[in-house]
Amino acid sequence: MTVSLQALMDFPIPEARQTVTARDAILYALTVGYGAAPLDPAHLQRLQEHDLRPTPTLANVVAHAGAWMKDAGVNWQRLVHSEHRLTIHRPLPLDIPLKSRSRMLSVVDRGPEKGMFATFERTILTQAEETPVATIVQTNACRDDGGCRSAGTPPEPLAPLPDRKPDANLAIVVPEDAALLYRLNGDLNPLHSDPDYAALAGFKRPILHGLCTFGHAGYAIGKTLGTNDIADVGFIAARFTAVVFPGDRLEFDIWQKGQDIRFRARVPARAVTALDYGTARLA
């Protein structure tokens, strides 16, 4: 049954609320690369309660509205994350009530056999003053929901990467238990934990959360371009172009020209690019 375009565009995305604790921030940091060097002060700055410095990409999992597209009629089992953009307005505060407001931006229909792209915006604010903390623009590829027609205005396309050798490279081996740990940040989709469910979705085994790979990208950029510590990103965006499995070796290629940072994440063992068209700026 074709999803209703109007129902999706007008869907009342639930407002979510969350107070982020030091425990939340430390758990998230551990799931996206921090802790790989447990004696390094730059890592410990993200992993100890005293003077804790929350990881910028933590905003991706804060005050999340959950599987609302399933309630809007989208085939949730055939949905995958396609593109993600995160803008940090201020460092994410701890122990302060936060909330999110979301709205649909666009639907790009590719036809009954090809599915459609649905893009929505989520803004995280402090509950009391409504001070913006972060803005997220997320595009999902809904592989079974084409033929519904298009609506709204999609985001400007991300630019292709430079046609030259990267300025830096960083390799990260994704732990075998990475998806099982990352799901504790709030994304309990069984696609990332249940082998039978993953098989029904067309995958040989549970896949890594796209936002876990995205979080590793933020870590890789900060580690590579930080001077004496791991730098914070103030903006980061990328397109998800292939799945990552726990245990994969990720190689991040990074270009920098002034304030402009470009990147991609490759899985050499399978000759695929997992994150492409990556762009970022330091905070």
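The protein carries 30 positive and 31 negative side chains, and the centres of these two sets lie 4 Å apart, where Lys and Arg count as positive, Asp and Glu as negative, and His and the chain ends are not counted. Each charge is placed at NZ of Lys, CZ of Arg, CG of Asp or CD of Glu. The model is predicted, so that local features need pLDDT of at least 70 and side-chain atom pairs count only at pLDDT 80 or more, while totals for chains, interfaces and linings use all residues. Residues are numbered from 1 along each chain as its sequence is written, and side-chain values use heavy atoms, with hydrogens and water left out.

The secondary structure comprises seven helices and eleven strands, taken as DSSP runs (H or I, at least four residues, for helices; E, at least two, for strands) and numbered from the N terminus. Of the 283 residues of the protein, 51% are buried, that is, under 20% relative accessible area with a 1.4 Å probe and protein chains only, as against over 50% for exposed residues and values in between for partly exposed ones. Among contacts (heavy atoms within 4.5 Å) between residues at least 6 apart in sequence, 72% join residues at least 24 apart.

Thr-87 belongs to strand β2, which covers residues 79-88, and its relative accessibility of 25% makes it partly exposed. Beyond its neighbours within four places in sequence, Thr-87 is in contact with Val-133, Ala-134, Thr-135, Gly-234 and Phe-235. The C-alpha atom of Thr-87 is separated by 9.3 Å from that of Ala-59, 28 residues apart along the chain.
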